[in-house]
Amino acid sequence: RMQGNIEIEPVFALKKPIFLKEPAPYVQQVAIELFELSSIIFIPIEFEQQLYGWISFDQMGEAFDCEQEKLLLLEQAGLRLGMYLARKQLRHHLNHRLQLNEKEYTILYLLAEGYKNKEIAEVLFLSEFTVRDYVQKLMEKLKAKNRTQIISTAFRMGLVE
């Protein structure tokens, strides 16, 4: 894809999927010629009013039609990608605030994988009481009420996949 100047028209400010049967009024002629564009779909990648970019779809010069249902499906894909990117940003931001040490990250990962305290203790050569203390610290740091909420919060924050 070509980076650079796509003239931003008011239609792109809508942050909605856009199907252009004829892209000429909205896309620079040089891009149309370079990529042999005839019909094109633009899908915004956004989440909670943050626009991360656009994905474009074309059929290498062949004109096509697009039904509203397909645009709605592609819009959902754009929202999911935006959510993923937002998690990455949140992870970077929160990692500085949380200050989890390596052992806490390891225990968090093992919790997310479904390990019980006894199993974590065996894997890490720790006592169950030490693991319990680490889990308690994770609950405090993540403001969680239980192990399930630790994982749920960590997932939303992007700390575990």
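## Basis of the description

The model is predicted, and local features need pLDDT of at least 70, side-chain atom pairs count only at pLDDT 80 or more, and totals for chains, interfaces and linings use all residues. Residues are numbered from 1 along each chain as its sequence is written, and side-chain values use heavy atoms, with hydrogens and water left out.

## Two nonpolar cores

In soluble globular proteins, nonpolar side chains tend to be buried together. A nonpolar core is here a set of buried Ala, Val, Leu, Ile, Met, Phe, Trp, Tyr and Cys residues joined through side-chain atoms within 4.5 Å, where buried means under 20% relative accessible area, exposed over 50%, and partly exposed in between, for a 1.4 Å probe and protein chains only.

The largest nonpolar core has 21 residues, and I107, L108, L142, I150 and L159 are those with the most contacts inside it. Two or more residues each are given to this core by helix 3 (102–112), helix 4 (117–124), helix 5 (128–141) and helix 6 (147–157), and helix 5 supplies the largest share, 5 residues. Helices (H or I, at least four residues) and strands (E, at least two) are DSSP runs, numbered from the N terminus. A second, separate core has 8 residues, including I18, I32, L37 and I40.

## Helix 3 and its ends

In helix 3, the residues E104, I107, L108, L110 and L111 are buried. Because they cover an arc of only 165 degrees around the axis, they lie on the same side of helix 3; the arc is that of the directions from the helix axis to the C-beta atoms. Among what covers these buried residues of helix 3 are helix 4, helix 5 and helix 6.

At the N-terminal end, helix 3 is capped by N101, which has a side-chain oxygen 3.0 Å from the backbone nitrogen of K103. After helix 3 comes G114, whose phi is positive, near 95 degrees.

An open sheet of 3 strands has the order 1-2-3, with antiparallel pairing; two strands pair if DSSP finds at least two bridges between them. Strand 1 (18–20) and strand 3 (50–57) stand at the edges, each with a single partner strand, so one side of each has no neighbour in the sheet.

Strand 1 pairs with strand 2 (residues 40–47) in the antiparallel sense over 3 bridges, and L20 stands opposite I40 in strand 2.

Note on methods: Contact means heavy atoms within 4.5 Å. A polar contact is a pair of N or O atoms within 3.5 Å; within protein, one must be able to donate a hydrogen and the other to accept it, and residues adjacent in sequence count only if both atoms are side-chain atoms.
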